[in-house]
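Hi everyone, thanks for coming.

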Amino acid sequence: MSEEVRKRLCEEIGVSGEEYRVRKMIKEEIGSFVDDIRIDKLGNLIALKRGRSDEKKVLFLAHMDEVGLLITGIEDNGLLRFTAVGGIDPKVLLSKRVLIGKDKIPGVIGFIPIHMQRGEEVKVPKIEDMRIDVGASSNKDLEGKVEIGDTAGFSTQYEEVEKMAKGKAFDDRAGCSVLIEVIDALSEQKPFFDTYFAFVTQEETGLRGSGAVAYEIMPDIAFVFEGTTAGDNPELEEERWSTHLGEGPAITAVHRGWVVPKWLFEYVIGMAEREDIPYQIKRTTKGGTDAYRIGTSARGIPSAVISVPCRYIHSPVSLMNLEDYANTVKLAKAIVNTEEGINVR
Amino acid sequence: MEDIELLDKLTSTPGVSGSEEKVADVIIEEIKGLCDEYHTTPLGSVIALKKSTSGRAKGKIEISAHMDEIGFVVAKIEEGGYLRLATVGGVDPKILSSQEVTIISHTGREYKGVIGALAPHLQTEKERKEQPSHDTVFVDVIGLSEDEVRANIRVGDTVTMHAPILRLMKNRIVGKSLDDRICVLANIKLLRELNKMIFDWDVYVVFSSQEEIGSPGARTATYEIEPDVGIAIDVTIGDIHGVKEKLPKLGKGPVLGLGPTCSPKIAGDIKKIAKEINVPLQLEASVRTGTDADSMFLVGKGVPIAVLSIPLRHMHTTVELIDMDDVNNLVRLLVEYIKQLDKTYEEAFL
């Protein structure tokens, strides 16, 4: 897949609950390459690629939504109050640009200048004390343009420099992008089993979209593709890194609320080794993914998590290593095309 | 070039105090056809002279805007190729998490970087409560290995924040380094106007270096010029959420400085002219102006000074916000003031 598609995918804004633009883009991208495509009641996009065998159903899943802001108030002077959608450290919000609502009205989150901070302890404000400035001088300027309930996303440009990519929302457009590449590759070859590709909503607000997909499809096995945390910065000891850029896709053994079944964990590792794909095992167990929701649905569905390591996620700008990304795609393709199928236990 | 396009070029060209060469080049390219002569001073300021077009040069006026910006120099290269920074000018560490930056290598090449921010998932409770500090800021140079970083970047190389110009509603725009590139733009616009009019005084349009570290650029440029009247044009802190005191408002006109640094005579004339040509004017009194004016005032035998400012929100951040109406009104006011300088200095001021 081209840099151009990754750029469009990562620059598009789809804060949880308003994933419609991302969904439309993905639908257009994959629509003609799949056997069935539909949108469910929670806004999830579900595509089917029929396999050589319909004995089992495999689910590949990534979430379309990203962290962002929700407009909660418009003040008389035209400034906007907001709250966070998903986990955002208030520290990354000061002096940043956002795009608001369906018309993507540009705005900025300002801060009092350092010149006025002397002699008093000025701290990073709470999110409820920050404001977005869109250039309006009164609330009348905003009529028909910005409304309470609109969401706002970061306006960061996507760019690839050497083997690194810079942009926003790699959590989880990286995963969406991996799925799109797998679908592309299947235009010439059928997967072993019937394979569903789900692009789900509202992961960041508490794993809300994926449960509906689990019940709709009732897959025998699921693979969740993520852009996950990399904390390999100069402050941190290696055990806190979570993942390390350049070491390949990160395979999760256990995270919040979910232990990947041992046989499945070993299966993913075995596949990486068989295909000679570098991989790393995720070093931390914090944070959850849709694997928890899928895994604990119905009678329990074996679910694995495979991630592209990304630095500085849940902020306006993150970095990922394109070799890690390409290796994640390679691993996903190997799983979908496995010649003997998957022996689900 | 369109104002906004030129402003984007001016603000995206690095010019941390003391390293203004690249932004000076952009300015010179823009003004060389608009003035009679120009040169760069030993400290890096650019002085452009537009001579009296009436042929009756009765005095010298200097209009000065600073072209430098706050920023950083590389202080250390860490294991892994991450950079530590030291600040140049007043940079608030609280706005740095997750900012994009440009590293200007001593080789002349530029590299992109981001200031890292640990994902909330990986923060300890203690880290969550910690306030940002310059000690923990680090730059991740995009696409370079540690070896490549060490081969191409060294301690002392300058680093600027990266943030393109963005148009907001009405006539408002946002960008980095609008302090004081917005007045660099005003000075260029002024030179364009001077080419269309008759005026009696010689006009020295100055783009000063190093304002953010104490104005040596403006001080030495003013020494060369020995002006009869000096006007510093800069930005001032505009009304902003979170500050109770009354501050100049965006879109309500340029701000005239008053106080011991500012000549009451020039201030009075500016007030009168603003009324005549119907330019809104706001007033701001201070003992020290916090601009190049403080230095220009005391150069040589002394210079009668005025300060005119553009109200700006979020100063020294990457989202400095101004109203272009104020800029256009500032230029109109300067044009009219220069037009009305028809007496000699002694006649006008004594």
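Predicted model: local features only at pLDDT ≥ 70, side-chain atom pairs only at ≥ 80, totals over all residues.

**Two chains, step by step**

The peptide bond between Asp171(A) and Asp172(A) is cis, with omega at about 15°. Now hop over to chain B, where the bond from Asp179(B) to Asp180(B) is cis too, with omega near 15°. Asp180(B) belongs to helix α5 of chain B, residues 178-194.

Ser95(A) isn't a glycine, yet its phi is positive, about 65°. You'll find Ser95(A) in the loop between β5 (80-85) and β6 of chain A.

Okay, on to where the chains meet. How many residues does each chain bring to the contact? Chain A puts in 62 residues and chain B 59 residues. On the chain A side, Lys91(A), Arg97(A) and Tyr312(A) supply 13% of the area that chain A buries against chain B, more than any other three residues.

What about charges and polar groups? There are seven salt bridges across the interface of chain A and chain B. One to click on is Lys166(A) with Glu100(B), whose side chains meet at 2.6 Å, N to O. There are also 33 residue pairs in polar contact across the interface of chain A and chain B, counting pairs with both residues at pLDDT 80 or more. Several strands of chain A supply at least two residues each to the side that touches chain B, including β6 (96-100) and β13 (221-230). Which strand gives the largest share of that side? That's β7(A), with five residues. Sorted by type, the residues of the side of chain A that touches chain B come out as 28 nonpolar, 16 polar and 18 charged.

Across all chains, by the way, the structure holds 51 salt bridges. One is inside chain A, where the side chains of Lys168(A) and Glu66(A) meet at 3.1 Å, N to O. That pair links distant parts of the chain, 102 residues apart: Lys168(A) is in the loop between β11 and α3, and Glu66(A) is in the loop between β3 and β4 of chain A.

Last stop, the sheets of chain B. Strands in a sheet pair through backbone hydrogen bonds, either parallel or antiparallel. Eight strands of chain B make an open sheet, in the order β1-β2-β12-β3-β13-β16-β14-β15, with mixed pairing. At the edges are β1 (37-40) and β15 (282-285) of chain B, each pairing on one side only. The twist averages 25° from one strand to the next. Inside that sheet, β3 (60-66) and β12 (202-208) of chain B run parallel, joined by seven bridges, and His66(B) stands opposite Ser208(B).

There's also an open sheet of three strands in chain B, β10-β11-β17, with antiparallel pairing. Four bridges join β11(B) to β17(B), with Val174(B) opposite Leu321(B). Helix α9 of chain B, residues 324-339, packs on this sheet, touching β11 and β17 of chain B, at about 60° to β17(B). And α9(B) also lies across β3, β12, β13 and β16 of chain B, running at about 165° to β16(B).

That's my tour, so over to you.

Definitions and conventions: Residues numbered from 1 in each chain as written. Chains lettered and ligands numbered in written order. Heavy atoms only, no water. Contact = heavy atoms within 4.5 Å. Buried area = accessible area lost by both parts, 1.4 Å probe. Salt bridge = Lys/Arg side-chain N within 4 Å of Asp/Glu carboxyl O. Polar contact = N/O pair within 3.5 Å; in protein donor to acceptor, adjacent residues only side chain to side chain. Nonpolar A, V, L, I, M, F, W, Y, C, P; charged D, E, K, R; others polar. Pairing = 2+ DSSP bridges. Axes fitted to C-alpha atoms, helices over the stretch in contact; angles between N-to-C directions.
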